Amino acid sequence: MNKEANNTWKNVLDYVRERINPQSFNTWFSGSCGVELKEDVLLVEFPNVFQIDWIEEHYYNILEEAVHQLNGNKLRLAFKALRQQGDRPKKKRKRLILSRDGTKLQERYNFESFVVGKNNEFAHAAALAVAEAPGQAYNPLFLYGGVGLGKTHLMQAIGNFVHRQHKKMSVYYTQAENIMTELIEAIQKNQQMTFKRKYRTKDVLLIDDIQFLYGKERLQEEVFHIFNHLYLEGKQVIITSDRPPKEILTLEERLTSRFQGGLVVDLQPPDLETRIAILQKKAESENITLPSSVAYYIASRVKSNIRELEGCLIRLLAVASLSGQEVNDHLAEEVLKDLLGSGSKITKQIILKNVIEEFGFSEAELRGKKRTQKLALARQTSMFLIRTMLNLSLAEIGEFFGGKDHSTVIHAIDKVEGLKKTDIEYLQRLERITNWISG
Ligand code: ADP
Ligand code: MG
């Protein structure tokens with residue numbers, strides 16, 4: 001172990017510890033240590049690969065924030081697991097969390113790991129066709145569907161495939177939100193040409209979560225010009241969105257009228273068999289034999305979001321591995337009961353727990369008096385969810401949150417209603433929490 005590395009990691013941990021609930025902190029960060037610090041990359045070791053899976057999925061933002069606060073973005077984190085899972089030998093796992101410049105394709109998002117079912121066979125076929133002949137099959141390819149249904153996976157599978165098969169092509173993955181950040185920066189620094197050049201020189205451009213452009217005219221304009229340029233040059237554009245193009249309005253008219261060769265396909269939630277197959281595949285990739293009754297147990301309860309489906313499995317495998325227990329029905333029920341609700345009643349505590357999972361903070365903070373912007377939003381979200389899911393009176397809710405006035409609760413509900421209409425990202429977070437709560 002390297003002292004500097006471990007001290008750096010300890011600072012990151014201190015930052016995280018203050019912001020998430022103690023139980024989550026202990027479950028997911030325990031036993032980790034910084035082992036090496038080289039060229040601004042801090043290598044962190046975890047006892048268990050499932051901790052890494054979970055942290056990547058749930059604590060990405062807070063880690064990024066921590067790194068930014070402590071080291072001003074210079075530091076990057078790399079994770080590796082100490083123990084290997086299962087009995088088959090396996091190459092050492094090493095995963096990278098990079099600062100979000102959007103350029104990184106994740107290797108695990110490939111066609112081999114993508115399970116095809118009725119819900120996504122058309123999207124899969126289209127993606128494969130595009131990957132095999134970029135710029136020639138469907139251009140642009142527009143993939144849309146609900147949260148956690150595999151849009152990013154499929155898009156990056158195309159990117160990875162092209163990267164492997166057509167070595168000379170430049171593939172670029174980014175999120176629509178990043179484009180905006182870059183554009184603003186380019187305007188401020190008067191470097192619009194550099195910005196344009198960057199995007200116009202790609203052979204395959206992947207833009208994730210384009211719904212972010214909704215209501216942002218100037219940005220849509222810029223992006224349209226990029227598309228247009230690439231399209232005319234025969235370069236491939238792939239877009240994902242959580243809604244069909246016509247709901248991103250201005251963009252749609254132009255997209256459909258301009259890009260005749262384009263294809264719009266949707267991803268639907270998987271059926272039970274596909275969900276089971278996804279779990280089995282995931283377990284296989286972790287070298288674990290998953291009893292089919294356990295796969296069934298999870299798959300029959302998590303229906304509309306594959307990320308959630310995998311999340312349940314990862315949590316189960318983590319607990320099994322950390323406690324040295326066997327993965328069976330009994331353990332599954334034990335570990336997942338609060339996550340899945342298993343028919344149990346929704347309570348204020350369950351709601352808070354899930355808000356905490358999404359936003360960080362502790363229960364004491366949520367119910368306390370402190371008011372930072374982020375904390376206030378998490379608190380307002382909790383109030384809204386308790387009101388809508390449990391139908392408690394305004395006074396009761398105010399009371400629960402440290403004796404606040406009923407007008408504060410009304411304000412919170414209005415605030416959330418407003419954000420639901422104007423802020424897509426917030427809406428997604430809210431939907432995520434609601435899905436968790438209702439299983
Ligand atoms: P989206 O971008 O639509 O919100 P993601 O592509 O991030 O969803 O998928 C969420 C998680 O579910 C990822 O870990 C992904 O690998 C997994 N996943 C989604 N669809 C499939 C599939 N058909 N087969 C295997 N894994 C999948
Ligand atoms: Mg996505």
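**The ligand shell and the strands of a predicted model**

By class, the shell around ligand 1 is made up of seven nonpolar, seven polar and four charged residues, where Ala, Val, Leu, Ile, Met, Phe, Trp, Tyr, Cys and Pro count as nonpolar, Asp, Glu, Lys and Arg as charged, and the others, Gly among them, as polar. This is a predicted model, in which local features need pLDDT of at least 70 and side-chain atom pairs count only at pLDDT 80 or more, while totals for chains, interfaces and linings use all residues. Residues are numbered from 1 along each chain as its sequence is written, chains are lettered from A and ligands numbered from 1 in the order in which they are written, and side-chain values use heavy atoms, with hydrogens and water left out.

Of the 18 residues around ligand 1, those that come nearest are Gly 148, Thr 152, His 153, Arg 307 and Glu 310, a residue being near if one of its heavy atoms lies within 4 Å. Helix H6 (151-165) and helix H13 (306-323) each contribute at least two residues to this shell; helices (H or I, at least four residues) and strands (E, at least two) are DSSP runs, numbered from the N terminus.

Polar contacts, which are pairs of N or O atoms within 3.5 Å, can be followed from the side chains to the ligand. An N or O atom in the side chain of Lys 151 is 2.8 Å from an oxygen atom of ligand 1, and a polar side-chain atom of Thr 152 also lies 2.8 Å from an oxygen atom of the ligand. For Asn 120, a polar side-chain atom lies 3.3 Å from a nitrogen atom of ligand 1. Of the 550 Å² of accessible area that ligand 1 has on its own, the protein covers 95%, with areas taken from the Shrake-Rupley method with a 1.4 Å probe.

Turning to the strands, S5 (residues 141-145) has four of its five residues buried, that is, under 20% relative accessible area with a 1.4 Å probe and protein chains only. S5 pairs in the parallel sense with strand S8 (residues 236-241) over four bridges, and five bridges join S5 to strand S9 (residues 263-267), again in parallel; pairing requires that DSSP finds at least two bridges between two strands. Leu 143 has Thr 240 as its bridge partner in S8 and Val 265 as its bridge partner in S9.

Elsewhere, Glu 399 is found in helix H18 (residues 394-400). Its C-alpha atom is separated by 9.5 Å from that of Arg 367, 32 residues apart along the chain.

How values were computed:
Buried means under 20% relative accessible area, exposed over 50%, partly exposed in between (1.4 Å probe, protein chains only). A polar contact is a pair of N or O atoms within 3.5 Å; within protein, one must be able to donate a hydrogen and the other to accept it, and residues adjacent in sequence count only if both atoms are side-chain atoms.
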